[in-house]
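Colleague: Please put the model up. I would like to go through the terms used for it and ask what each one rests on.

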Amino acid sequence: MNELHVRAILAGVLFSFWPLLMNRSGLTGNVSSAVFTLGAFIVVSPFALYEFRSTTPSIVWAMAIGACVFGGLGLLVFNGMLSKATPQAVG
């Protein structure tokens with residue numbers, strides 16, 4: 001198993017926990033999206049800032065902004081569904 005397989009497995013495991021925890025938080029869909037975004041920003045920022053200087057010349061901003069818009073809309077829809085799901089139906 002190579003590094004990409006290990007990272008894919010680890011990402012799958014980590015991404016499986018947050019919906020289970022967020023569902024039990026009692027937050028509404030839009031608020032849970034904001035809380036998730038703020039928390040992810042705090043966790044990711046130190047790593048992103050460390051690498052940002054070396055990747056700046058090759059950034060395609062239109063693609064990055066498009067990814068943010070679609071990802072944000074998907075997060076709102078997903079968390080809206082998640083906030084209405086029973087704990088038994090979350091999985």
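Colleague: Where is the place of Gly-39?

Modeller: Gly-39 has its place in helix 2, where helices are DSSP runs of H or I with at least four residues, numbered from the N terminus. This is a predicted model, in which local features need pLDDT of at least 70 and side-chain atom pairs count only at pLDDT 80 or more, while totals for chains, interfaces and linings use all residues. Residues are numbered from 1 along each chain as its sequence is written, and side-chain values use heavy atoms, with hydrogens and water left out.

Colleague: What makes Gly-39 count as partly exposed?

Modeller: Buried means under 20% relative accessible area, exposed means over 50%, and partly exposed is in between, with a 1.4 Å probe and protein chains only. Gly-39 has 31% relative accessibility, so Gly-39 counts as partly exposed.

Colleague: Which residues meet where helix 1 and helix 3 are in contact?

Modeller: From helix 1, Trp-18, Pro-19, Met-22 and Asn-23 meet Leu-75, Phe-78, Asn-79 and Leu-82 of helix 3; contact means heavy atoms within 4.5 Å. By class, this contact has 6 nonpolar, 2 polar and no charged residues. Ala, Val, Leu, Ile, Met, Phe, Trp, Tyr, Cys and Pro count as nonpolar, Asp, Glu, Lys and Arg as charged, and the others, Gly among them, as polar.

Colleague: How many aromatic pairs does a search of the whole structure find?

Modeller: The search finds 2 aromatic pairs. Rings of Phe, Tyr and Trp (its six-membered ring) pair if their centres lie within 6.5 Å; planes under 30 degrees apart count as stacked, over 60 as edge-to-face and the rest as tilted.

Colleague: Why is the pair of Trp-18 and Phe-36 called stacked?

Modeller: The ring centres of Trp-18 and Phe-36 are 4.4 Å apart and the planes are at 25 degrees, so this pair is stacked. Trp-18 is in helix 1 and Phe-36 in helix 2 (residues 29-55), 18 residues apart, and the pair links distant parts of the chain.

Colleague: What makes the pair of Trp-18 and Phe-78 edge-to-face?

Modeller: For Trp-18 and Phe-78 the centres lie 5.5 Å apart and the planes are at 65 degrees, so the pair is edge-to-face. This pair also links distant parts of the chain, with Trp-18 in helix 1 and Phe-78 in helix 3, 60 residues apart. Ring pairs link Trp-18, Phe-36 and Phe-78 into a cluster.

Colleague: Is Trp-18 buried or exposed?

Modeller: Trp-18 counts as buried, at 18% relative accessibility. Phe-36, at 24%, is partly exposed, and Phe-78, at 32%, is partly exposed.

Colleague: How do you know whether Ser-32 is buried or exposed?

Modeller: Ser-32 has a relative accessible area of 2%, so Ser-32 is buried. Ser-32 lies in helix 2. Leaving aside neighbours within four places in sequence, Ser-32 is in contact with Met-22, Leu-27 and Asn-79.

Notes:
Helix = DSSP H or I, 4+ residues; strand = E, 2+ residues; numbered from the N terminus.
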